[in-house]
Amino acid sequence: MRRFSNPKNSIAKISLFLLLTIVTLSCNSLKKIENDEYLVARNTILVDSLKINDEDVASLIYQKPNTALLGYPLRLNLYNLAKENPDSLFQDWLNRKPRRKERLTKFLSEKQVNRLGESFLVKGLSEWLKEIGEVPTVLDTSRTRRSLERLSAYYDSKGYFLNTTTYKVDTTKRKQRAYIDYKINLGKPFMVDSVANEISSKAIDSIYFLHMDRSLVKQGKQFNLADFNNERERLTEIFRNNGIRNFQGSSITFDIVRDTVRSEDDQKMNITLNIGDLKKRGENVVTTSEYKVEKINTIDVYTDYLSSYKTTPQRSITYGDFTFHYSDNFQIKPKTLADAILFEKGAIYRDIDKIRTSRQLNNLNIFKYPNVIFKEDSTGTKVNTSIYLAPKPKYSLGTNFEISRSNLRRLGIGAGASLLIRNIFKGAENLSLSVDGAFGLLSREIFQEDYFSEIGGEITLDFPRIWFPFLNTSKLIPNYTLPKTRIALGTSFQKNIGLDKQTFNTTLGYNWTPNEFKKNSIELLNVQYVRNVNSNRFFDVYRTTYNQLNDIASDQAVSPLVDPTYFNEDGNITTPSEAQTGTIPGTTGFISDVRSGVIPTSNSGFTQEDFNNVNSIAEREERLTENNLIFATNYTFNKNNRNGITDNNFYQFRFKLESAGNLLSGLSNLIAFNENDRDQLLVFGVPFSQYVKTEFDVVKYWALSRSNVLAARTFIGIAIPYGNSENIPFVRSYFAGGSNDNRAWFPYSLGPGSTSAINDFNEANLKIALNLEYRFPIVGDINGALFADAGNIWNVFDDVENPDAIFTGFDSLRDIALGTGFGLRYDFTYFLFRLDLGFKTYNPAEIPSKRWFRDYNFANSVLQIGINYPF
């Protein structure tokens, strides 16, 4: 049968094509280029006849070609669409006909006619196009010569002092386009022949020779100006961490002299490192003094240093090396502050102690940014330390509000409030109380109810140390690693969402951060109890599962072995919510009759496959409706090497290991737990979950240029049930699809394996996800992306028997789905709004001959909305 496309879709596609054609043809890149001018089309840098693609080198050129999006100069053509003199053009149009201005004035008034000339369509549009557009890069040979000078200076800094430079402009390849070749001949590089030193201060001299073996300026190394700058920074850091508190980086200079004793061809450099004395600038004179090693003398801490400090009565207390000054308005235990301050009386001054002290005091979240002041005594070898702290408000109230919409929820409104109480027990303990709620309207096409609601709350207590009974952990986890303990209790209640779950959870966790690149987290106790209030709504909520059972049951409706009361007037099998009072729900009765053999596979039209499917449906119902008790312990390690938010050459690594049920299993040897009919041990009437779960998540960024980034992610996770469990709790399972996963599929709609979304919410216990994304600017704050997402979920080592859903080995990797697409992002500075359009490129749910590009069209594409980058 011939398929006819939707006329509306055809009209939309034709209209879009015509619009793009008009925009493309109407844009002329040379529109604002004079006849005797040339548009810079390409720069080529040739170093010793080899083409260089280094972004740092290319940035030295003053005139760069206009940016292009997939080869099209979008920003240039947007700029060309703007009118140069919109005011003059408007006045010319207004006065072109003798009575036009007069008629407009009578109709609008003279003031409104003047405003018309200032309107967006007349003037504002051109200004906006200029703002988001890009001025054409017109060839200017004077700037080309200046670019050569910068290139020559750059290679000078690399030791090529005898380099020569030329350029060539080719204007014959395309009309009024200039192709520029920058040519650099480097010559032989200069090498470091000898390194001497002249150091004024004895203290500096001693410290330097202890660390000179790691110098970045060494004999036999090629001259590189960057080595000298890095060596100055290295030495400055060393001196300031070895007692020279006031060391000035400007005290370090280098004398660089060419070795003229040897032949002119022997290009050697003699280096002398100079480290001068401390310079102090007075009103009219600059004095110098020898650097000295300073040691910490007194340490005074002002815990309530406000503007009213001088008028507020202060008290003092000595605790160890510290003298704490406080007022009645704010009190804190001395030990809490002593643990956060890393200075020690009599120890040499170290910059790292100052940095870590500030970091730890900030981490307490009870003070504003601390102010640390040092003052040397008359000997110049001791320094008095004063730390000024201003408390934050004891109470902080926060609120949030959001509106959402999805294919399941017509409208959702959420709101929440939180109260933070600081320093509640005088030891920098912070107590947080939060409550969140949501209410909205459900889709009438999917749900029987009209509305949903959810409410939850949590109590969290944080304190700045590792609390573990009868164990001192400070030696294992030092204070400078920002140790923190968190105890949390939470609960949530749902109405008309799924099976109306009620959850209760409690957590005892620790985290510490050795440095800004590493973080460790341990949840010693993570207990979660999940209760399904309305488990009888299973077939009302999971409609795909119901339809599968209804199809099988309807085929058996005429059999005398099937109770006719199992069906309603429409011939569909009844659910517990539909069954009449005093009758057995059709879903319950039919499943029971099949599993008990009342309806045998020998019955007409009822096959072994039908039996297996009914049994699988029954097992899924039991699993998703049973209550869960998860008693887990987990450890998470995070590492990255990113230096600031502008760094786009970095990696992130996360590893997590979780184990559940082992403590309760061990207690079963001491306590006689009850068992259910499946020989599972029960705690408070609920079978506890037992499994081990591990995850690896790696993200890598490559900066292809200053504004183009390639990002990749690899995720592998597996959860294996054992002992008291045959499967993984739904809340701990994996799913595939969604705005942060495989964007060509909606959440829970991909997998497991090669199955075709057989359930409403498809999940499994093994997941592989691979993502690749190329990000590039488009115009202004709008950026674009091209992406490819691969991955899937599978069942492994659990009670699922469907071979299409089980991972059996490397052959199962053929079930990895591939989605590709493109996206738009708008950068709001503090967050990023993201739209991604995904296309099913390889769909393992199709038969092998139709897996590639079967649904690769706009009709089957998936639009994902997200906040910030997916990884």
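A salt bridge here is a side-chain nitrogen of Lys or Arg within 4 Å of a carboxyl oxygen of Asp or Glu. Lysine 693 and glutamate 695 form one, with their closest N and O atoms 3.8 Å apart. Both lysine 693 and glutamate 695 are buried, meaning under 20% relative accessible area, where exposed is over 50% and partly exposed lies in between (1.4 Å probe, protein chains only).

Some ground rules. This is a predicted model: local features need pLDDT of at least 70, side-chain atom pairs count only at pLDDT 80 or more, and totals for chains, interfaces and linings use all residues. Residues are numbered from 1 along each chain as its sequence is written, and side-chain values use heavy atoms, leaving out hydrogens and water.

Back to the charges. The whole structure holds 30 salt bridges. Glutamate 231 meets arginine 234 at 3.0 Å, N to O. They sit three residues apart in helix 10 (residues 225-240), so about one helical turn separates them. Helices (H or I, at least four residues) and strands (E, at least two) are DSSP runs, numbered from the N terminus. Glutamate 231 is buried, at 1% relative accessible area. Arginine 234 counts as buried too, at 16%.

Next, arginine 245 and glutamate 294. Their closest N and O atoms are 2.7 Å apart. This pair links distant parts of the chain, 49 residues apart. Arginine 245 lies in the loop between helix 10 and strand 6 (252-258). Glutamate 294 lies in the loop between strand 9 (286-289) and strand 10 (295-302). Both are buried.

Last, a network. Salt bridges link Arg743, Glu773, Arg775, Asp789, Arg825, Arg834 and Asp836.
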